[in-house]
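Trainee: Could you walk me through how to read burial and helix packing in a model like this one?
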Amino acid sequence: MKKVMFLTILILVAIIGTACGGENESSGASENEVSIWVHTSDETPEGEAMQNTIDRFNEENEGTYTAKIEFIPRSGAGGGYEDKINAALTTDTLPDVITLDGPNTAAYAEAGMIAPIGDYITNKDDLLPSIIQQGTYDEQLYAVGYSESGVGIFYNKQMLEDAGIDLSTLPTVDQPWDWIQFMELSETLVNTYDTAAIDMAFDDKSEWLMYAFSPFLWSQGGNLVSEDGSTAEGHFNDENSVKAFSFIQDMVKEGYTTITPVEKGFHTGEYPLKFGGSWTIAEMEDYPDVEYGVMPYPTSPDTNELVSPSGSWQYAMASSSEKQEAAGALIDFMTSTESLTEVTLANSVLPAAHSVVEEVQDKVSPQMNVLIQQNQKSAHARPVLPNYPQVSRVFQQTVSDVAYYEENSDVQKLLDDKTGQMEKALK
């Protein structure tokens with residue numbers, strides 16, 4: 001997972017500055033030319049798919065609109081692209097269309113940086129609910145994701161069979177296991193191999209902890225904050241949260257997982273299970289001797305509701321664009337079935353629309369299809385909040401702290417403390 005970037009005072013100052021005037025970067029170009037910045041390289045499969053889409057857009061709209069794409073790769077720490085976005089804000093030189101990470105939607109919209117685009121999107125009913133959810137702020141659609149993401153439980157078929165597990169009895173998207181059943185499987189594997197059953201990547205002190213562990217809270221029926229995003233009190237520290245974080249703690253306490261996993265432990269046969277996503281499928285190509293499958297998230301035994309994480313990069317229109325009709329037409333074109341299918345297959349990611357699922361399901365691996373089916377049925381976007389990064393950091397710290405069960409055996413107390421921190425983050 002990549003770190004999310006929060007709009008700082010620089011952006012607020014820049015937005016105020018744009019109200020005083022300025023010349024949009026694209027104003028010197030043809031009045032029918034729309035510009036787009038993307039966060040990837042033109043040499044990546046994703047970038048090549050985007051360039052192909054732009055070429056098709058220009059060909060099909062010749063005489064009406066034309067688009068020019070600029071590739072601005074992100075650095076390892078998230079710089080590069082975001083740095084140029086911030087710099088463009090101070091000089092009012094943003095392009096007409098930009099890409100942004102899902103969790104940043106609310107911050108960009110709240111700051112007045114992007115404009116609503118719902119009126120320009122013709123396939124909203126085809127888009128997955130999670131795509132609409134992550135792109136919607138204050139009841140308006142501000143961004144459209146062009147791909148999805150997800151996590152499943154990868155399992156080593158041979159190691160499970162050697163532990164006496166009948167693979168035909170494993171959970172499916174239509175019939176998932178609950179936490180109790182999953183812990184019973186974990187106990188069997190721990191007893192067989194005398195090591196942790198699953199690498200849940202507790203050592204990844206990043207957005208991963210929010211992304212991968214929040215579905216347990218949602219499956220239980222809980223939430224981080226109130227529906228209007230104004231408070232965490234009575235939500236992040238309620239009974240549902242206690243149950244969800246107690247499950248996470250029990251996984252560590254019982255030795256079913258570890259806070260210090262061996263690097264590539266699943267890939268090398270150290271652990272029989274792993275939390276992983278489509279990127280793990282790509283990694284496993286380097287380990288052809290490992291025969292593996294994917295099962296869905298376990299559910300709360302109280303609700304039996306399957307919930308999985310989601311969220312990825314999106315297209316949005318800059319509020320400063322003087323060519324909003326053209327920009328809207330471009331975003332609509334880039335999120336059509338054909339365009340989304342091309343980027344999905346090129347980048348080995350999950351589809352963002354129901355029609356794309358139908359297009360790709362016969363062209364991807366069985367493991368990818370499990371993630372696709374789970375995503376289509378149960379994907380849940382992260383909270384759309386202007387101060388999401390601070391809220392996410394509190395959640396991440398809570399996951400890290402609850403894993404140290406000896407120091408934090410009182411889960412309710414821990415959640416009460418963290419809820420206070422989250423309340424400050426919401427102000």
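Mentor: Happy to! Let's begin with a cut-off: a residue counts as buried when its relative accessible area is under 20%. Keep in mind that this is a predicted model.

Trainee: Thanks! Is Ser378 buried or exposed?

Mentor: Ser378 has a relative accessible area of 7%, so by that cut-off Ser378 is buried. Ser378 sits in helix H14, which covers residues 366-378.

Trainee: Which polar contact joins the side chain of Ser378 to another side chain?

Mentor: The partner is Ser308, at 2.9 Å. A polar atom of the Ser378 side chain also lies 2.7 Å from the backbone oxygen of Gln374. Beyond its neighbours within four places in sequence, Ser378 is in contact with Leu306, Val307 and Ser308.

Trainee: What do the buried residues of H14 pack against?

Mentor: First, a general idea: an α-helix has 3.6 residues a turn, so residues three or four places apart point the same way. In H14, the buried residues include Gln367, Val370, Leu371 and Gln374. The buried residues of H14 pack against several elements, among them strand S8, helix H10 and helix H13.

Trainee: And how do I read a pair of helices?

Mentor: Two packed helices are described by the angle between their axes and the distance between the axes. Here, H8 and H15 pack at about 75°, with axes 9 Å apart, and are therefore roughly perpendicular to each other.

Trainee: Which residues make the contact?

Mentor: H8 contributes Leu209, Met210, Phe213, Ser214 and Leu217, while H15 brings Tyr388, Ser392, Phe395, Gln396, Val399 and Ser400. By class, this contact has seven nonpolar, four polar and no charged residues.

Terms used: Residues numbered from 1 in each chain as written. Predicted model: local features only at pLDDT ≥ 70, side-chain atom pairs only at ≥ 80, totals over all residues. Heavy atoms only, no water. Helix = DSSP H or I, 4+ residues; strand = E, 2+ residues; numbered from the N terminus. Expected span 1.5 Å × (residues − 1). Buried < 20%, exposed > 50% of the residue type's maximum accessible area, 1.4 Å probe, protein only. Contact = heavy atoms within 4.5 Å. Polar contact = N/O pair within 3.5 Å; in protein donor to acceptor, adjacent residues only side chain to side chain. Axes fitted to C-alpha atoms, helices over the stretch in contact; angles between N-to-C directions. Parallel < 35°, antiparallel > 145°, perpendicular 65-115°, else oblique. Nonpolar A, V, L, I, M, F, W, Y, C, P; charged D, E, K, R; others polar.
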